[in-house]
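Here is a short note for a colleague who is opening this entry for the first time. Please keep the sequence and the 3D view at hand while reading.

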Amino acid sequence: MSGRPIRVLFVCTANASRSILAEALLRRVGGDAYEVHSAGIEPTVVHPLTRRVLEAAGFDHEWAAAKHVNDFAGQPFAYVVTLCDDARLVCPIFPGADQSMHWGYPEPASVEGDEAARLLAFERVFTSLAERVRQFVVVTGRKASAVPG
């Protein structure tokens with residue numbers, strides 16, 4: 001693998017749950033081989049249940065803060081991954097993005113019910129993203145190692 005990390009940006013509407021979870025997972029699974037960020041089209045604040053799920057899984061989340069996708073305008077990324085249909089429709093084009101991908105996940109914060117039901121929705125998204133991120137690392141790691149550096 002070349003010496004430079006693979007730059008990845010995860011984008012969703014609020015940058016409050018799905019994209020933060022994906023960022024945390026790729027930070028852990030991909031390690032120093034990736035420089036990973038997340039952003040929202042209409043950022044709010046990181047959802048408390050996002051933090052709770054990360055904490056329960058043993059992830060540091062002090063770094064997590066909702067950011068606007070425009071904060072990354074003009075920056076090159078190897079991969080830009082949208083995590084909801086709304087973000088997919090309006091996500092800007094980033095220079096150098098070899099791959100724009102869409103991994104559609106439901107908004108866990110929109111689940112109604114008691115706290116247990118809402119927490120379960122966040123956990124399900126986290127678990128699904130974990131598998132997807134592991135696969136992403138395998139595939140992108142292979143591509144990066146095939147490039148002469």
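This is a predicted model: local features need pLDDT of at least 70, side-chain atom pairs count only at pLDDT 80 or more; totals for chains, interfaces and linings use all residues.

The points below go from the overall layout to single residues.

1. The chain holds 4 helices and 4 strands.

2. **Chain totals.** The chain has 149 residues, and 46% of them are buried. Its accessible surface is about 7700 Å². Carbon and sulfur atoms account for 52% of that surface. Now take the contacts between residues at least 6 apart in sequence: 71% of them link residues at least 24 apart.

3. **The first unit.** β1, α1 and β2 form a β-α-β unit, and the unit is right-handed. The two strands, β1 and β2, run parallel and pair over 7 bridges. To find the pairing on screen, look for V11: its bridge partner in β2 is A39.

4. **The main core.** The largest nonpolar core contains 45 residues. V8, F10, L26, L83, W103 and L129 have the most contacts inside it. Several elements supply at least two residues each: β1 (6-12), α1 (18-30), β2 (34-40), α2 (48-56), β3 (79-82) and α4 (115-146). Which of them gives the largest share? That is α4, with 9 residues. As background, nonpolar side chains in soluble globular proteins tend to be buried together.

5. **F10 up close.** F10 is among the core residues with the most contacts inside the core. Leave out residues up to four places away in sequence, and F10 still touches S19, A22, E23, L26, V36, H37, S38, A39, V81, L83 and W103. Two of these names have come up already in the core list: L83 and W103. A39 is also on the list of F10 contacts, and A39 is the residue bridged to V11.

6. **A residue to check.** N15 sits in the loop between β1 and α1. Its phi is near 55°, a positive value, and N15 is not a glycine. For context, most residues other than glycine have a negative phi. Is N15 buried or exposed? N15 is buried, because its relative accessible area is 0% and the cut-off for buried is under 20%.

Conventions: Residues are numbered from 1 along each chain as its sequence is written. Side-chain values use heavy atoms; hydrogens and water are left out. A nonpolar core is a set of buried Ala, Val, Leu, Ile, Met, Phe, Trp, Tyr and Cys residues joined through side-chain atoms within 4.5 Å. Buried means under 20% relative accessible area, exposed over 50%, partly exposed in between (1.4 Å probe, protein chains only). Contact means heavy atoms within 4.5 Å. Accessible areas come from the Shrake-Rupley method with a 1.4 Å probe; for residues, only the protein chains shown count as cover. Two strands pair if DSSP finds at least two bridges between them. A crossover is right-handed if, with the strands pointing away from the viewer, the path from the first strand over the helix to the second runs clockwise.
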